[in-house]
Amino acid sequence: MRLLVTGSSKLAGALLKFDWPRDWCIDSRRIEEILADDFPIDEYDVFLNCAHVGFRQCWLLEKFHEAWLKDSSKYIINFSSRAAKPNISKGIMYSTQKAALNHLADLITYTTEKRYKMTVLNLGLLERPRLEHISTQYRAVCVLLEDLIYKHEIGFPNECSEITFQHKINYRKAQELKSEQQGTR
């Protein structure tokens, strides 16, 4: 099984370094390379739409949706954010871009006849160093992904369309910690 990951972010790096228990080929590419007309989309089985660059995650989702529309062997996992939810983040453009990705995924899921599987993974507070157990957060995401991809690989018939994976602290505490961290930079 061939997996394609976008970007060189900390999360993409963690995905590439994770000790996957299966013999999967994982390839990391830049968004611009994937958006090129001659990119070989059909060589891949799973697309991890990870790198956030403006609205380009939406463009990538649209490209893969069009290419894989009728192929039930394919799987798209969009990495979004808890910030996509209303009143969660003070970063207006980031929230808007992630909300757009979630909305596009919902429109595709509920209004098209797609055959591939798709999951939106809303992540929250993975890179906040003052939170306890932060070093294990990327590993936990990788374990979750391994489970989702494995279930797809063995033909598990159900689709998990959206998951929010976040630290256990509440929104107000998260905003306080973010403000403290930004004040110390």
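## From the surface to the core

E32 counts as partly exposed, at 43% relative accessibility; here buried means under 20% relative accessible area, exposed over 50% and partly exposed in between, with a 1.4 Å probe and protein chains only. The model is predicted, so local features need pLDDT of at least 70 and side-chain atom pairs count only at pLDDT 80 or more, while totals for chains, interfaces and linings use all residues. Residues are numbered from 1 along each chain as its sequence is written, and side-chain values use heavy atoms, with hydrogens and water left out.

E32 forms a salt bridge with R30, their closest N and O atoms lying 4.0 Å apart, where a salt bridge is a side-chain nitrogen of Lys or Arg within 4 Å of a carboxyl oxygen of Asp or Glu. R30 itself is exposed, with a relative accessible area of 61%. Salt bridges that share partners also join D27, R29 and E33 into one network, in which the side chains of E33 and R29 meet at 2.4 Å, N to O. By this rule the count comes to eight salt bridges, and one of them, between R2 and E43 at 3.8 Å, links distant parts of the chain: R2 lies in strand β1 and E43 in the loop between α2 (31-35) and β3, 41 residues apart. Helices (H or I, at least four residues) and strands (E, at least two) are DSSP runs, numbered from the N terminus.

Turning to the interior, helix α1 (residues 10-17) has L11, A12, A14 and L15 as its buried residues. Seen down the axis of α1, these fall within an arc of 160°, so they line one face of the helix, the arc being that of the directions from the helix axis to the C-beta atoms. On the other side of α1, K10 and K17 are exposed. The buried residues of α1 pack against several elements, including β1 (2-6), β4 (75-81) and α5 (137-153), where contact means heavy atoms within 4.5 Å.

L11 and L15 are also among the residues that touch the most other members of the largest nonpolar core, which has 25 residues; such a core is a set of buried Ala, Val, Leu, Ile, Met, Phe, Trp, Tyr and Cys residues joined through side-chain atoms within 4.5 Å. The largest share of this core, seven residues, comes from α5. A second, separate core of 20 residues includes Y44, F64, W68 and M118.
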